[in-house]
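Colleague: I have some terms to settle before I use this model. Can you take me through what stands behind each of them?

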Amino acid sequence: MEIVNSKLSNRKYFDLFIDFDDTLYDTYGNAVIALRETFDTYQLGRYFADPQVFYDAYWEANIDLWSRYSRDEIKRDYLIVERFRRPLSEGKDLKVTKELCLEMSDRFLDFCSNKPGVIDGAHELMADLKKKGYRMHMTSNGFHEVQYKKLAACGLKDYFDTIILSEDAGYNKPSKAYFDYALKVSGANIETTLMIGDNLNTDIRGALNAGIDALLFNRWQVEIGDEGQAPTFVVNRLSEISDIL
């Protein structure tokens with residue numbers, strides 16, 4: 001566990017903005033399973049001699065598109081179609097249509113959103129923070145209907161005082177407008193609020209740019225660098241957050 005900015009380590013927080021996907025909910029792990037189920041459901045082995053070609057193309061597209069979506073460069077409808085159009089286009093003799101992409105996206109999201117998998121220690125952390133009296137607010141760029149299904153599937157919904165989604169805010173993280181909206185909706189005070197998330201750009205730098213302290217759950221072991229925007233705290237496991245809070 002690393003406390004990056006020791007000057008702020010004794011600050012008392014009352015409100016926690018907590019990212020959901022890949023911070024608490026194992027979005028990547030659940031999606032890996034769901035993608036395999038989607039591949040089998042649509043019998044894509046008829047078009048891909050090696051399924052890994054499809055999987056790799058999907059993840060490359062998905063990472064690129066979500067990054068662009070967070071910067072408001074593309075809209076949701078484009079993301080939904082394009083993240084399947086690209087990998088499907090790698091198939092041999094497969095006619096790729098918008099209708100097929102939309103249908104496959106719906107099936108994939110249904111597979112994903114019904115999976116209960118969480119990051120190791122997620123339930124224990126949330127129970128501990130709730131017991132300590134923190135107000136907790138889910139802050140996510142995820143799609144409205146999908147996020148509520150995921151919350152129900154993994155049993156974490158009741159821990160949150162507020163669910164703050166970018167579709168409701170009209171802005172995506174890391175936009176300052178999103179965090180301003182989150183502060184307004186939650187009734188949180190900027191001075192006593194901490195953002196917790198796994199994404200250095202959308203969660204951490206977005207919060208810091210809005211004047212909110214930020215804790216990086218460095219699940220992906222990213223290089224933080226020295227750009228004047230170091231997280232207030234950095235942890236490698238969720239269990240370490242309880243030691244700080």
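Predicted model: local features only at pLDDT ≥ 70, side-chain atom pairs only at ≥ 80, totals over all residues.

Colleague: Why is C154 called buried?

Modeller: Buried means under 20% relative accessible area. C154 has 5%, so it counts as buried. C101 is at 0%, so it is buried too.

Colleague: What makes D77 exposed?

Modeller: Exposed means over 50%. D77 has 59% relative accessibility, so it counts as exposed. D77 lies in helix α3, residues 76–88.

Colleague: Why are Q43 and D72 called partly exposed?

Modeller: That class sits between 20% and 50%. Q43 is at 48%, so it counts as partly exposed. D72 is at 46%, so it falls in that class as well. Q43 is in the loop between α1 and α2, and D72 is in the loop between α2 and α3. Neither is a glycine, yet phi is positive: about 50 degrees at Q43 and about 60 degrees at D72.

Colleague: How do you know that the buried residues of α6 line one face?

Modeller: The buried ones are V146, Q147, K150, L151 and C154. Seen down the axis of α6, they fall within an arc of 135 degrees, so they line one face of the helix. An α-helix has 3.6 residues a turn, so residues three or four places apart point the same way. What covers the buried residues of α6 includes α1, α4, α5, β2 and β3. After α6 comes G155, with a positive phi near 75 degrees.

Colleague: What makes β1 and β2 a pair?

Modeller: Pairing takes at least two bridges. Four bridges join β1 to β2, so they pair, and they run parallel.

Colleague: Why are β3 and β6 called edge strands?

Modeller: The open sheet has six strands, in the order β3-β2-β1-β4-β5-β6, with parallel pairing. β3 and β6 each pair on one side only. The twist averages 20 degrees from one strand to the next.

Colleague: What makes a group of residues a nonpolar core?

Modeller: Its members are buried nonpolar residues, joined through side-chain atoms within 4.5 Å. The largest core here has 31 residues, and L16, L24, M136, F160 and L245 have the most contacts inside it. Helix α5 gives the largest share, four residues. A second, separate core of 30 residues includes F39, I74, I80 and M104.

Colleague: What makes the bond between K173 and P174 stand out?

Modeller: It is a cis peptide bond, with omega about 15 degrees. P174 is in the loop between α7 and α8.

Note on methods. Residues numbered from 1 in each chain as written. Heavy atoms only, no water. Buried < 20%, exposed > 50% of the residue type's maximum accessible area, 1.4 Å probe, protein only. Helix = DSSP H or I, 4+ residues; strand = E, 2+ residues; numbered from the N terminus. Arc of directions from axis to C-beta. Contact = heavy atoms within 4.5 Å. Axes fitted to C-alpha atoms, helices over the stretch in contact; angles between N-to-C directions.
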